[in-house]
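Biologist: Before we discuss contacts, could you put the model on screen, so that we can go through its strands and charged pairs together?

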Amino acid sequence: MATTLTAKFDTRREAEMTVERLVQEHGLDRAKISVAAAGDENTAGEDVAGSDNEAGGPSPEQRDDAALNGQVRVSVEVADDAAATAVREAFAEFDAEDVAAK
């Protein structure tokens, strides 16, 4: 029986790094993973990270329009204990919060 593990991340970068780890290093099917805003509004997370950071010069003016409207939720459907362990480890590695299983 499949289980879905979910977690919330403060940045889009942390969520994307988690997905990358699960797909590339653990071989999970990308179609079994979803990434979405944890709330009702579009969001890139709660904190500036990754491409939302100021770039080194020379570059255009710094942007301040990142959609920082809440956390990013990652959900992963797993079929066995080994996959669930890999997901929990990746969640922990990238500072997930509110980890839950359904």
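Biologist: How many bridges join strand S1 to strand S3?

Modeller: Bear in mind that this is a predicted model. Strand S1 covers residues 3-9 and strand S3 covers residues 72-78, and the two run antiparallel. Within this pairing Ala7 stands opposite Val74, and the number of bridges that join S1 to S3 is 7.

Biologist: Which residue in S4 stands opposite Leu5?

Modeller: S1 is also joined to strand S4, residues 97-101, by 3 bridges, and these strands run antiparallel. In S4, the residue that stands opposite Leu5 is Ala101.

Biologist: How many residues apart are Asp98 and Lys8, whose side chains meet in a salt bridge?

Modeller: The N to O distance in this salt bridge is 3.9 Å, and the pair links distant parts of the chain, with Asp98 in strand S4 and Lys8 in strand S1. Asp98 counts as exposed at 52% relative accessibility, whereas Lys8 counts as partly exposed at 26%.

Biologist: Is Arg21 buried or exposed?

Modeller: Arg21 forms a salt bridge with Glu25, with the closest N and O atoms 2.8 Å apart, and the two residues, 4 apart in helix H1, are separated by about one helical turn. Glu25 is exposed at 54% relative accessibility. For Arg21 the relative accessibility is 19%, and because buried means under 20%, Arg21 counts as buried.

Key: Residues numbered from 1 in each chain as written. Predicted model: local features only at pLDDT ≥ 70, side-chain atom pairs only at ≥ 80, totals over all residues. Heavy atoms only, no water. Pairing = 2+ DSSP bridges. Salt bridge = Lys/Arg side-chain N within 4 Å of Asp/Glu carboxyl O. Buried < 20%, exposed > 50% of the residue type's maximum accessible area, 1.4 Å probe, protein only.
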